[in-house]
Amino acid sequence: MIGRRGFLLSASAAFAAGLPVARAATQSYPAFLAGVRAEAVGRGLSAAIIDRALALRAPNERVLQLDRHQPEFTLTWAQYRQKVLTPKKIADGRAAAASRAALLAAVSGRYGVDRQPLVGIWGLESAYGTRMGTFHVADALATLAYDGRRAAFFRTELMNALRILDHGDVEPESMLGSYAGAMGQPQFMPSAYLRYAVDFTGTGRRDIWNSEPDVMASIANYLARCGWVGGEPWGQEIMVPASLAQAELGRGAVHTLEDWMARGVRRADGRPFSRADIRGAVLRPDGPGGEAFMVYRNFSVIRRYNPSDFYALAVGLLGRDVT
């Protein structure tokens, strides 16, 4: 987290804190890349593969433009849901899930992760593998590491990307992703790839760009290692009385369903919950009058993938609607 700027920091302290540093004034881009190369080779990575990955002339201006001019607006949950869970996204997801039923069953069985979040994450991250990003990851990460904003973070991710290339899982020219370095169909950062990516097909390469078995297994492995409990729901839509104060709700307010029912909370169809002993929290993102959800511990696991309530809700709802 970036700290307050009400005091002076040395250049080295600012670098460590992820604050912008006037790097270009003291070091050229070729000199920066030479330093990265020397570090990578010093760690035992192949000089030949590093030279291919870092054959760069200048920082990528499009990456810098996107990084510096991210839109600053806030959507309500209703607006976000309408924007993200479109009829096309749901229709495409149903077709994608149906044609991959055997694969989803195999991955779900091996990792103990239900198919719904697998398809939900796949759909939100890359529109079922159709939108992975067109940036060369090494180029994007080198640009962001050199530019100075969160330089330490992106330099670490760049070094992780070089480790992946050194292992031979993907060629530098095929390592594509977003302008921020999120890669392939599940949009893993290099650090997440090293931790969670899986060679499900046994080829010796973890291919999250072209191998759907590897993609699904990698998402499942991510969720499993973050604590997914198979067979348990992530959450459900519910009815909440308008009289229930917003301050009493939220992910931190976990109670048994018996307690929630005593406060007037019911299933979406108005009926009581079938299990009174289960513990959950109530989310009402847009406040009284808006949609409400009971969320359980698997909801928190989805948030480990992306720490946003809106994102986790969308993953759960999309997975429910398409599988």
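**Entry 1: helices α9 and α10**

I began with the contact in which Val137, Ala138, Leu141, Ala142, Leu144 and Ala145 of α9 meet Ala151, Phe154, Arg155, Glu157, Leu158 and Ala161 of α10. By class, I recorded 10 nonpolar residues, no polar residue and two charged residues in the contact of α9 with α10. I note that the model is predicted.

I then looked up the geometry of this pair. The axes of α9 (residues 137-147) and α10 (residues 151-167) come within 8 Å and cross at roughly 155°. Because angles over 145 degrees count as roughly antiparallel, α9 is roughly antiparallel to α10.

**Entry 2: helices α7 and α12**

Next I turned to α7 (residues 101-111) and α12 (residues 212-225), which pack at an angle of about 30° with their axes 10 Å apart. The two helices are therefore roughly parallel to each other. I recorded the passage of α7 over α12 as a right-handed crossing.

From α7, the contact draws on Leu103, Leu104, Val107 and Tyr111. I listed their partners in α12 as Glu212, Pro213, Met216, Ala217, Ala220, Asn221 and Ala224. The residues of the contact of α7 with α12 divide into nine nonpolar, one polar and one charged.

**Entry 3: the sheet**

I traced an open sheet of five strands in the order β4-β6-β7-β3-β5, with antiparallel pairing. Its edge strands are β4 (254-256) and β5, each of which pairs on one side only.

I then went through pairs of strands and noted the bridges.

- β4 is joined to β6 (residues 279-283) by three bridges, and the two strands run antiparallel; Thr256 stands opposite Arg279 in β6.
- β3 (residues 235-239) is joined to β7 (residues 292-295) by four bridges, again running antiparallel; Gln236 stands opposite Met294 in β7.
- β3 is also joined to β5 (residues 266-267), here by two bridges and antiparallel; Met239 stands opposite Arg266 in β5.

I recorded a right-handed crossing as α8 passes α15. On the α8 side, I listed Gln116, Pro117, Val119, Gly120, Ile121, Gly123, Leu124 and Glu125 in the contact. On the α15 side, I listed Tyr311, Ala314, Val315, Leu318, Gly319, Arg320 and Val322. By class, the contact of α8 with α15 has nine nonpolar, four polar and two charged residues.

**Entry 4: domains**

Finally, I consulted the domain assignment of the protein chain. The assignment gives domain 1 as 28-58 + 137-180, domain 2 as 77-129 and domain 3 as 235-295. I noted that the C-alpha centres of domain 2 and domain 3 lie 26 Å apart.

How values were computed. Residues numbered from 1 in each chain as written. Predicted model: local features only at pLDDT ≥ 70, side-chain atom pairs only at ≥ 80, totals over all residues. Heavy atoms only, no water. Axes fitted to C-alpha atoms, helices over the stretch in contact; angles between N-to-C directions. Parallel < 35°, antiparallel > 145°, perpendicular 65-115°, else oblique. Left-handed = near helix turned anticlockwise from the far one by under 90°. Contact = heavy atoms within 4.5 Å. Nonpolar A, V, L, I, M, F, W, Y, C, P; charged D, E, K, R; others polar. Pairing = 2+ DSSP bridges. Domains from an automatic or database assignment.
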